Amino acid sequence: MSKPSHILNVLKQALITFTTTKHKAESFPLNLEALIALLDKTTAEHVNFPRQFLNPQLWEHPDKAPVSCIELFEDDHLTMGIFILKPNGKLPLHNHPQMHGLIKVIAGQVKIVSYSLNTDKTQEVDNKSFQDSTAPMPFKPKAGNYSIVTAELNEITIAGVNSPPCVLEPNYKNLHEIQSLNEPAAFLDILAPPYGYSDADYDSRKCSYYNKLSQVSSDVFRLQEIRSPLWYWTDSHPYTGPDLYEAGLSN
């Protein structure tokens, strides 16, 4: 019997990590640590990354989408895929409602700007604003999405192929924008649960996009929910790496 591929081992560990979150919460930190360690060793070769996407001339074609996506795996627990950005291309600022996310750069470099909601700083700003009647009360529909949110800038990270994976949590660094630097860039992305997945708290996890509305204090911003920007769209490319629907993983 042949040895499982590295990327299959990553997927297996991701499924272990995110299917035991609710039922065995005490084991989640160790499982997540093991997943991060495996992901840290992942390279473009492990997924048979199509090298033609690294040719800047490909992205100059007028009909070429600014972002290409390769879907590797998806079920009710998680989704795993590759995002490829044109030179200086960007994923707009967007959210991940009560989701975990892991990013491992496999080509080029990206800048990741991350924000958090409901921090001590944002709550202090909101409380003061409401007392002073200088800001509207944020609208909070049942699904957890906001028309206006107060967010704290957490960090600006430059990540390349030798950088450790970047991790976002349900309540930390849960909004971000990602931009390639000077050349095409690609990263492996794991999200759990996937967008569109329903549970007791969310009828459906929707990806919402945001613009900066104003800066209200040091590292604290009001963000306005917007429609998907007109400059942002994606196309898809087939996955040609090792089989990820073996060993009953698709069940």
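Start by selecting Asp219, which is partly exposed at a relative accessible area of 30%. Here buried means under 20% relative accessible area, exposed means over 50%, and partly exposed lies in between (1.4 Å probe, protein chains only). Before you go on, note that this is a predicted model, where local features need pLDDT of at least 70 and side-chain atom pairs count only at pLDDT 80 or more, while totals for chains, interfaces and linings use all residues. Residues are numbered from 1 along each chain as its sequence is written, and side-chain values use heavy atoms, with hydrogens and water left out.

**Stop 1: the partner of Asp219**

Asp219 and Lys121 form a salt bridge, with their closest N and O atoms 3.9 Å apart. The term stands for a side-chain nitrogen of Lys or Arg within 4 Å of a carboxyl oxygen of Asp or Glu. Lys121 lies in helix 3 (residues 120–132) and Asp219 in the loop between strand 10 (209–217) and strand 11 (220–226), so the pair ties together parts that are 98 residues apart in sequence. Helices (H or I, at least four residues) and strands (E, at least two) are DSSP runs, numbered from the N terminus.

**Stop 2: another pair**

Next, pick Lys206 and Glu225. Their side chains meet in a salt bridge, at 3.3 Å from N to O. Because Lys206 lies in the loop between strand 9 (185–192) and strand 10, and Glu225 in strand 11, this pair links parts that are 19 residues apart in sequence. Lys206 is partly exposed, with a relative accessible area of 42%.

While you are in the loop between strand 9 and strand 10, select Pro193, which lies there too. A cis peptide bond joins Ala192 and Pro193, with omega about -10°. Most peptide bonds are trans.

**Stop 3: a buried lysine**

How many salt bridges does a search of the whole structure find? It finds six. One of them calls for Lys104 and Asp40, whose side chains meet at 3.7 Å, N to O. Lys104 sits in strand 4 (residues 100–107) and Asp40 in helix 2 (residues 28–40), so the two tie together parts that are 64 residues apart in sequence. Lys104 is buried, with a relative accessible area of 1%, whereas Asp40 is partly exposed at 36%.

**Stop 4: along helix 2**

Asp40 brings you to helix 2, so select the whole helix. Helix 2 has 13 residues and reaches 18 Å from its first C-alpha to its last, close to the 18 Å expected at 1.5 Å a residue (that span is 1.5 Å times one less than the number of residues). Colour Phe28, Asn31, Leu32, Leu35 and Leu39, which are buried. Among what covers them are helix 1 (6–19), strand 4 and strand 9, where contact means heavy atoms within 4.5 Å. Turn the view around: the face away from the buried side carries the exposed residues Pro29, Leu30 and Glu33.

**Stop 5: two loop residues**

Finish with Gln98, in the loop between strand 3 (90–95) and strand 4. Gln98 has a positive phi of about 45° although it is not a glycine. Most residues other than glycine have a negative phi. Asn118, in the loop between strand 5 (110–117) and helix 3, also has a positive phi, near 55°.
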